[in-house]
Amino acid sequence: MDRFCRVVVVAVAGKQSVAVFGSSGSIGLSTLDVLERNQSKYTVAALTANSSVEVVFQQCLKFKPMVAAMAEPAAAAELSLRLKAASSETEVLHGPDALTQIAADPNIPIIMAAIVGFAGLPPTLAAARCGKRILLANKESMVVAGEFLTRVAAQGGASFVPVDSEHNAIFQCLPETNRCKPDAGLQGGVQSLVLTASGGPFRQFSLEQMQSVTIDAALNHPNWDMGPKISVDSATMMNKGLEVIEASYLFGIDESLIEVVVHPESFIHSMVRYIDGSVLAQLGQADMRTPIANALAWPDRVETSVEPLDFVRIGSLNFEAPDHERFPCLLLARQALRKGGGAPGILNAANEVAVQEFLDGKIQFSDIASVNSHVLQSFEFAVPQSVDDLISMDQSARQYALDYIEQQGYQPVE
Ligand code: NAD
Ligand code: MG
């Protein structure tokens with residue numbers, strides 16, 4: 001590990017310092033809720049967001065972090081002015097370099113990686129290099145750069161503790177010796193992983209019904225309250241595809257040994273099968289504060305205000321196979337993982353573009369899968385040898401997806 005980025009101060013007055021990346025988002029807000037309830041153990045050292053000045057301003061007044069960073073310079077300037085006027089001592093930084101600087105700060109041992117999309121990769125990578133404990137919500141960074149991130153983390157002495165509810169469930173169900181060890185694979189009698197999926201808002205829609213769904217309908221997840229990008233990913237089931245890739249890299253398990261089962265109630269968050277026939281499952285409410293608290297405190301436990309499960313009220317749990325005809329994105333992700341090299345990153349880039357175009361009303365919901373499929377099958381790129389290669393591949397694949405969308409002349413959403 002580079003001696004200049006070693007974590008030198010682990011605790012301030014007995015408390016552990018946490019940086020929350022993406023503090024204005026859904027995971028960011030839930031993280032701050034858990035941290036607020038556990039103030040005797042943790043202190044919020046840094047907050048970052050893209051452009052949500054008002055939210056971060058209020059968070060700074062409440063949590064008094066040493067530093068806050070906004071990716072957008074104009075937002076940072078406004079935040080700085082407002083904090084000064086409020087006599088706050090929080091220093092305000094801006095731009096992508098500020099994010100990596102905070103991620104590498106030796107005074108902050110715990111990083112909540114909750115930026116959405118590829119933009120989360122640079123700070124996550126910096127934290128991995130510097131031996132941090134990374135609470136990983138930003139699945140896209142693991143999808144795009146899984147091999148690099150896990151290698152860099154091993155070299156830097158960092159650990160990834162998954163926050164994604166399925167991966168956190170698997171983390172909890174794995175043998176102790178396999179946790180935070182992507183090279184553990186099937187050790188300890190593990191046979192395979194079972195990711196559960198809610199099926200999203202269109203689980204029971206016909207192909208015809210899915211042709212004309214609205215943006216609001218796609219954002220309206222039946223069980224989880226999440227940011228817009230992951231909500232649309234859940235509706236296409238690309239989210240589950242990204243999660244298969246994420247699980248494969250995080251736990252060192254081959255794609256063929258990662259099963260997906262639709263479980264509409266979302267109480268079982270995922271499972272691990274063992275060679276003796278046992279299946280261990282983790283259950284809980286569809287509330288991200290549980291996996292966030294688990295990732296934060298592991299191997300200890302801290303309190304959340306999450307409501308206990310009432311089994312009698314739940315009554316029954318249901319399971320069904322995913323329908324690949326109506327939800328082709330799941331198989332695209334498996335294909336990308338088997339292809340390896342840069343393929344998961346290419347698919348991720350296409351999907352980020354397609355989801356944004358859908359959210360901007362420029363393409364239909366069903367076009368997302370078509371764009372993803374086309375870009376994955378036809379965009380060619382040499383196998384990335386470095387993170388710089390990944391970044392340039394991401395940019396080219398995005399442009400390729402945008403060009404394709406333009407050529408197709410898709411109908412905008414009504
Ligand atoms: P969100 O859209 O609610 O929040 C995203 C955060 O990232 C915001 O704080 C935003 O300011 C910040 N951000 C966006 N673009 C940025 C950029 N270019 N530079 C810096 N910051 C930027 O998203 P979310 O639902 O909280 O999801 C965050 C991540 O966690 C995603 O990768 C998602 O897949 C994952 N995740 C979310 C949930 C959930 O329940 N919301 C569950 C599992 C995994
Ligand atoms: Mg998930």
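**Notes on the predicted model and its ligand site**

1. An oxygen atom of ligand 1 is placed 3.4 Å from a polar backbone atom of A137. The protein covers 87% of the 830 Å² of accessible area that ligand 1 has on its own. It should be kept in mind throughout that this is a predicted model, and that the distances and areas quoted in these points belong to that model.

2. A backbone N or O atom of S26 lies 2.9 Å from an oxygen atom of the ligand, and a backbone N or O atom of V116 lies 3.4 Å from an oxygen atom of ligand 1. Among the elements of secondary structure, those that give two or more residues to the shell around ligand 1 are α1 (26–37), α6 (139–156) and α10 (228–236).

3. How many residues surround ligand 1, and which are the closest? The number is 24, and the closest are S24, S26, N50, E140 and G227. By class, the residues of this shell divide into 13 nonpolar, eight polar and three charged.

4. Strand β2 (residues 15–21) is largely enclosed by the rest of the structure, because five of its seven residues are buried. This strand pairs with strand β3 (residues 42–49) in the parallel sense, over six bridges, and within that pairing V18 stands opposite V44 in β3.

5. Backbone geometry calls for a separate look, since most residues other than glycine have a negative phi, and most peptide bonds are trans. The model has a cis peptide bond joining W298 and P299, with omega at about 5°; P299 is found in the loop between α12 (289–297) and α13 (311–314).

6. Positive phi values occur at K64 and at S87, and neither residue is a glycine. For K64, phi is near 50°, and the residue is found in the loop between α2 (53–63) and β4 (67–70); with a relative accessible area of 63%, K64 is exposed. For S87, phi is about 55°, its place being in the loop between α3 (73–85) and β5 (91–94), and with a relative accessible area of 65% this serine is likewise exposed.

7. Is P384 buried or exposed? At 10% relative accessibility P384 counts as buried, because the cut-off for a buried residue is under 20% relative accessible area. A382, by contrast, counts as exposed at 57% relative accessibility, exposed meaning over 50%. P384 is in the loop between α16 (367–378) and α17 (387–408), and A382 also lies in the loop between α16 and α17.

Methods
Residues are numbered from 1 along each chain as its sequence is written. Chains are lettered from A and ligands numbered from 1 in the order in which they are written. This is a predicted model: local features need pLDDT of at least 70, side-chain atom pairs count only at pLDDT 80 or more; totals for chains, interfaces and linings use all residues. Side-chain values use heavy atoms; hydrogens and water are left out. A residue is near a molecule or strand if one of its heavy atoms lies within 4 Å of it. A polar contact is a pair of N or O atoms within 3.5 Å; within protein, one must be able to donate a hydrogen and the other to accept it, and residues adjacent in sequence count only if both atoms are side-chain atoms. Accessible areas come from the Shrake-Rupley method with a 1.4 Å probe; for residues, only the protein chains shown count as cover. Helices (H or I, at least four residues) and strands (E, at least two) are DSSP runs, numbered from the N terminus. Ala, Val, Leu, Ile, Met, Phe, Trp, Tyr, Cys and Pro count as nonpolar, Asp, Glu, Lys and Arg as charged, and the others, Gly among them, as polar. Buried means under 20% relative accessible area, exposed over 50%, partly exposed in between (1.4 Å probe, protein chains only). Two strands pair if DSSP finds at least two bridges between them.
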